[in-house]
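Keep the viewer open as you read.

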Amino acid sequence: MLLPPCEHCKIATSITLLCKNCAQELALVNPPSGSEALDSLDIAFRYEGGVRTWILDIKDRFHSERWKELIAAYLPTALFERRYDFIIPVTSDPQSNRLRGFDPSFVLAKRLSRLLSVPFKAPVFHRSDFPLPRKAMKHDIGEWMLSKCVGLNSVAAGELSSTSRILLVDDVFTTGSTMNVHARLLRGLVGQVHGFCVALKV
Ligand SMILES: [Zn+2]
């Protein structure tokens with residue numbers, strides 16, 4: 001059987017998303033420090049080349065099954081060393097989710113739950129549509145605006161305890177707004193809030 005080419009170099013064949021060299025080349029060495037709302041932040045890759053096309057294929061061409069190509073070898077070792085009680089996805093824009101038929105962070109969090117053997121918990125958050133058409137807001141919709149759209153689902157949140165260690169999960173880290181808004185809602189409710197994103201977009 002012929003192996004598919006690596007998503008990044010397109011030269012080496014690889015049973016995984018990236019060949020070994022490209023996985024090393026794209027790995028993020030120094031993640032940003034995160035924010036006061038997070039106890040730690042880990043990010044696997046830089047949002048470039050094969051990693052970018054992979055994530056766009058999932059989010060823009062609706063191939064949610066491609067999150068299966070995220071494997072344990074791509075994850076920062078810290079994720080295996082820290083102990084989490086629950087993995088919780090951040091919310092994505094509801095309009096985009098309706099178009100896709102799935103929530104990318106939700107599917108990603110389920111994949112991580114398998115890889116890390118940590119229980120998945122959702123829906124801890126709810127999110128409403130932005131009050132303005134998305135196009136009018138460009139990409140940076142701002143932390144304040146987002147905070148007005150995201151809230152806690154009292155039933156699921158009520159099942160968390162003050163000692164719970166949470167891993168919040170998102171696909172792409174850009175300004176940190178999404179992570180901050182969700183992490184702040186959990187502050188005071190749980191013991192620790194850690195963050196993980198697949199890729200850093202600068
Ligand atoms: Zn490669």
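## Helix α5 and its cover

Let's begin with α5: the elements that cover its buried residues include α2 (49-59), β2 (86-89), β5 and β6. Keep in mind that this is a predicted model. The buried residues of α5 are Pro-104, Ser-105, Phe-106, Leu-108, Ala-109, Arg-111, Leu-112 and Ser-113. An α-helix has 3.6 residues a turn, so residues three or four places apart point the same way.

In length, α5 (residues 104-116) comprises 13 residues and spans 18 Å between its first and last C-alpha, close to the 18 Å expected at 1.5 Å a residue. Just after the helix, Ser-117 adopts a positive phi of about 55 degrees.

## The open sheet

Which strands form the open sheet, and in what order? There are four, arranged β1-β6-β5-β2 with parallel pairing. Because β1 and β2 stand at the edges with a single partner strand each, one side of each has no neighbour in the sheet. From one strand to the next, the twist averages 25 degrees.

Now for the pairings themselves. β5 and β6 run parallel and are joined by eight bridges, with Val-172 standing opposite Ala-199 in β6. Helix α2 packs on this sheet, where it touches β1, β5 and β6, and its direction makes about 105 degrees with that of β6. On the β1 side, six bridges pair β1 with β6 in the parallel sense, and Phe-45 is found opposite Ala-199 in β6. On the β2 side, four bridges link β2 to β5, also running parallel, and Ile-87 stands opposite Leu-167 in β5.

Val-169 is found in strand β5. Is this residue buried or exposed? Val-169 has 25 C-beta neighbours inside 10 Å, and therefore counts as buried; the cut-off for buried is 20 or more. Leaving aside neighbours within four places in sequence, Val-169 is in contact with Ile-87, Ile-88, Pro-89, Val-90, Ser-105, Leu-108, Ala-109, Leu-112 and Phe-196. Its C-alpha atom and that of His-8, 161 residues apart along the chain, are separated by 24 Å.

Val-169 also belongs to the largest nonpolar core, which has 47 residues. The members that touch the most others are Ile-87, Ile-166, Leu-168, Val-169, Val-198 and Ala-199. Two or more residues of this core come from each of α1 (20-26), β1 (40-46), α2, β2, α5, β5, α8 and β6. In soluble globular proteins, nonpolar side chains tend to be buried together.

For contrast, look at Leu-56, which has its place in helix α2. With 13 C-beta neighbours inside 10 Å, Leu-56 counts as partly exposed.

## Helix α8

Another helix to inspect is α8 (residues 177-186), whose buried residues are Thr-178, Met-179, Val-181, His-182, Ala-183 and Leu-186. The cover over these buried residues includes β3 (125-127), α6 (143-149), β4 (150-152), β5 (165-173) and β6 (192-200).

Helix α8 lies across β5 and β6, and runs at about 165 degrees to β5. Just after α8, Gly-188 takes a positive phi of about 90 degrees.

## The chain as a whole

Stepping back, the protein chain has eight helices and six strands. Along the sequence they follow the pattern α-β-α-α-β-α-α-β-α-β-α-β-α-β. Among contacts between residues at least 6 apart in sequence, 71% join residues at least 24 apart.

What radius of gyration does the protein chain have? The value is 17 Å, which agrees with the figure near 17 Å for a compact globule of 202 residues. The C-alpha atoms fill a box of roughly 50 × 40 × 30 Å along the principal axes, and buried residues make up 34% of the 202 residues.

How values were computed: Residues are numbered from 1 along each chain as its sequence is written. This is a predicted model: local features need pLDDT of at least 70, side-chain atom pairs count only at pLDDT 80 or more; totals for chains, interfaces and linings use all residues. The radius of gyration is taken over C-alpha atoms; the globule rule is 2.2 Å times the number of residues to the power 0.38. A residue is buried if 20 or more other C-beta atoms lie within 10 Å of its own, exposed if 12 or fewer, and partly exposed in between; C-beta atoms are placed from the backbone. Two residues are in contact if their C-beta atoms, placed from the backbone, lie within 7 Å. The expected span of a helix is 1.5 Å times one less than its number of residues. A nonpolar core is a set of buried Ala, Val, Leu, Ile, Met, Phe, Trp, Tyr and Cys residues joined through C-beta atoms within 7 Å. Two strands pair if DSSP finds at least two bridges between them. Axes are lines fitted to C-alpha atoms, for helices over the stretch in contact, and angles run from 0 to 180 degrees between N-to-C directions.
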